[in-house]
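Q: Hi! Could you walk me through this structure with me? I'll just ask things as they come up.

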Amino acid sequence: MQVAVIGAGSMGHGIAQVSAQAGHDVTLNDVDDERIQAGLDSIESNLQGGVDRGKVTEDERDAALDRLSGNADLEAAVADADLVVEAVPENMDLKKDIFEQVEEATGDETLIGSNTSSLSVTELASVLDDPTRAIGLHFFNPPHIMPLVEIVVAEQTSKATEDRAVGYVEGLEKEPVVVRDTAGFASSRLGVALGLEAIRMVEEGVASVEDIDTAMEEGYSHPMGPLELTDLVGLDVRLDIAEYLREELGERFKPPQELKRKVRAGKLGKKTGEGFYVWEDGEVVGVSGEVDE
């Protein structure tokens, strides 16, 4: 299968990586060559890390890298694709524009997927002349490690599209869960609710950042606590999703002031070096000790 991924950030290059490892030829697209190269470099680093840990052989690494290419021209990047997955920021207008461009540049049989974690796939599909080929493919961060993919079925999605999407995900050796297109789907709705409550607990002084995370890791076997996960996802991303869910589902998703303050201060988590934790070289090195004004 020929796969095109639009957006070379952490989610996009991760989706490109797992697709290439599964044997698909993959074209990675972004707004410029610099961002594409950064994504390809991250993939190479991830694969080398897999080799170092004995999870990936050198031949598997080399074969995956050989299947990857980059192209900053969106039309050219998607022209021969059997599946296109957009992984651009969580902005409805931007994603609709991408969907329209992809439909114009691809054949009738091309599946058009979105990695959105919360936005309506039904609304995204509505801009297509043939919305039956739209599907949500919600990967989890980081895609090369997390085993789950949420397949979001829009109101217009055909059964054939759903079946092809399930086959693609199973071919990646990941676990597909099929959900109806509702606000927040299943995972984001639950995950955001937990994350927001954890932030409120910090605000109220219930427990420390580390102890809240440890409680969920050790008490409920979560691989990562809700505050560290918020840092990994990005506080700005979590805020945008919370605002959307508040609009769709009500006040229980109202963002805490602590989240808003950190976003205003530019403390967005791992990508900026500080959120609820302090990060260096992609690793947690401490807890944010500053009081946000």
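Q: Let's start with E173: buried or exposed?
A: E173 is exposed, at a relative accessible area of 75%. Keep in mind that this is a predicted model.

Q: Okay, and where does E173 sit?
A: E173 is in the loop that runs between helix 7 (159-171) and strand 8 (175-180). Its phi is near 65 degrees, a positive value in a residue other than glycine.

Q: What about D281, what is its phi?
A: Phi of D281 is near 50 degrees, again a positive value in a residue that is not glycine. D281 belongs to the loop between strand 9 and strand 10 (283-287).

Q: And is D281 buried or exposed?
A: Exposed: the relative accessibility of D281 is 82%, and the cut-off for exposed is over 50%.

Q: Nice. Switching to peptide bonds, which residues does a cis bond join?
A: The cis peptide bond joins N141 and P142, with omega at about 0 degrees. P142 is in a loop as well, the one between strand 6 (134-139) and strand 7 (148-153).

Q: Now the domains. What are the bounds?
A: The domain assignment gives domain 1 (2-180) and domain 2 (186-287). Nine residues from domain 1 and six residues from domain 2 take part in the contact.

Q: How far apart are the centres of the two domains?
A: Taken over C-alpha atoms, the centres of domain 1 and domain 2 are separated by 26 Å.

Q: On to the inside. Which residues touch the most other members of the largest nonpolar core?
A: Those are I6, V78, V102 and L227, in a core of 37 residues. The elements that give this core two or more residues include strand 1 (2-6), helix 5 (92-105), helix 8 (187-204) and strand 9 (277-280). Helix 11 gives the largest share, six residues.

Q: Where does this core lie relative to the domains, and why?
A: This core lies between domain 1 (2-180) and domain 2 (186-287), because both of them give residues to it.

Q: You listed L227 there. What is L227 in contact with?
A: Leaving aside neighbours within four places in sequence, L227 is in contact with A198, I199, V202, V209, I212, D213, F276 and Y277.

Q: What does I241 touch?
A: Not counting residues up to four places away in sequence, I241 touches S117, S118 and V192. There is also L119, which is 122 residues from I241 in sequence, while the two are 8.2 Å apart in space, C-alpha to C-alpha.

Q: Last topic: how much space lies in the second largest pocket?
A: The second largest pocket holds about 310 Å³ of space. It is lined by 14 residues, and Q21, G50, K55, V56 and H144 are the closest to its centre.

Q: Which elements give two or more residues to the lining of that pocket?
A: Helix 1 (10-21), helix 2 (33-52) and helix 3 (58-66) do.

Q: And how do the lining residues divide by type?
A: The lining of the second largest pocket has five nonpolar, five polar and four charged residues.

Note on methods. Residues numbered from 1 in each chain as written. Predicted model: local features only at pLDDT ≥ 70, side-chain atom pairs only at ≥ 80, totals over all residues. Heavy atoms only, no water. 1 Å grid on protein atoms, 1.4 Å probe; cavity = no way out; pocket = protein on both sides within 12 Å on 5 of 7 lines; lining within 4 Å. Points joined across faces, edges and corners; volume = space filled by probe spheres on them. Helix = DSSP H or I, 4+ residues; strand = E, 2+ residues; numbered from the N terminus. Nonpolar A, V, L, I, M, F, W, Y, C, P; charged D, E, K, R; others polar. Core = buried A, V, L, I, M, F, W, Y, C linked by side-chain atoms within 4.5 Å. Buried < 20%, exposed > 50% of the residue type's maximum accessible area, 1.4 Å probe, protein only. Domains from an automatic or database assignment. Contact = heavy atoms within 4.5 Å.
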